[in-house]
Amino acid sequence: MPISQMLLPEFDQEMANTRKMLERVPEDKLNYKPHEKSMTLGRLAGHVAEVPSYATAAIRLDKLEMTGSEKPFQPTSKKELLESFDKFAAEARKAISTATDEDLGKIWSLRYAGKQVFSMPRVAVLRSMVMSHLIHHRAQLGVYLRMNNVEIPGMYGPSADEMKLWQAQGA
């Protein structure tokens, strides 16, 4: 089985889980910050939404050169957030599904402000810079939502909020 086909079930599950979390972002709390050093909820949600686009870049480009002056995605509405996520996830899925084992074995590099951050095979980039990175920031988003009394959806089983519902329904 090609590597891309082995990656897609995990990718699909994580995108579905991520969309469930993004659907819970309260539009009236986009400027919320739990700490002065933290991103706003809107910026964090925007980052979660844009992480799938890194998969597309990792497959289509040989390297990514970031200068530090890139404008971060900051959605102004839940509609914009979800539409952007859906677009980035669909583009990433297509890029992954059409990548050959040879493509995924090629070395890809990330540079920031002229300095090498890392170089590794594209398949490792998909696992670390895309999937693990996405899961990390999605968990942060869950904390932001919890701090705003937003019910959290389950990711790999029911959440505490969903367990309450199940128990109330006698499930």
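The model you are looking at is predicted, so local features need pLDDT of at least 70 and side-chain atom pairs count only at pLDDT 80 or more, while totals for chains, interfaces and linings use all residues. Residues are numbered from 1 along each chain as its sequence is written, and side-chain values use heavy atoms, with hydrogens and water left out.

**More about E50**

- E50 sits in helix α2, which covers residues 41–50.
- E50 counts as buried because its relative accessibility is 12%; buried means under 20% relative accessible area, exposed over 50%, and partly exposed in between, with a 1.4 Å probe and protein chains only.
- The side chain of E50 also makes a polar contact with the side chain of R43, at 3.2 Å.
- A polar contact is a pair of N or O atoms within 3.5 Å; within protein, one must be able to donate a hydrogen and the other to accept it, and residues adjacent in sequence count only if both atoms are side-chain atoms.

**The fold as a whole**

- The chain has seven helices and three strands, which are DSSP runs numbered from the N terminus (helices: H or I, at least four residues; strands: E, at least two).
- Along the sequence, these elements come in the order α-α-α-β-α-α-β-β-α-α.
- Among contacts between residues at least 6 apart in sequence, 73% join residues at least 24 apart.

**Size and surface**

- Along the principal axes, the C-alpha atoms fill a box of roughly 50 × 40 × 25 Å.
- Of the 171 residues, 42% count as buried.

**Two residues with positive phi**

- A113 is not a glycine, yet its phi is positive, at about 50 degrees.
- You can find A113 in the loop between β2 (107–112) and β3 (115–121), and it counts as partly exposed because its relative accessibility is 48%.
- N149, another residue other than glycine, has a positive phi near 60 degrees.
- N149 lies in the loop between α6 (122–147) and α7 (160–168), and it counts as exposed because its relative accessibility is 71%.

Notes. Contact means heavy atoms within 4.5 Å.
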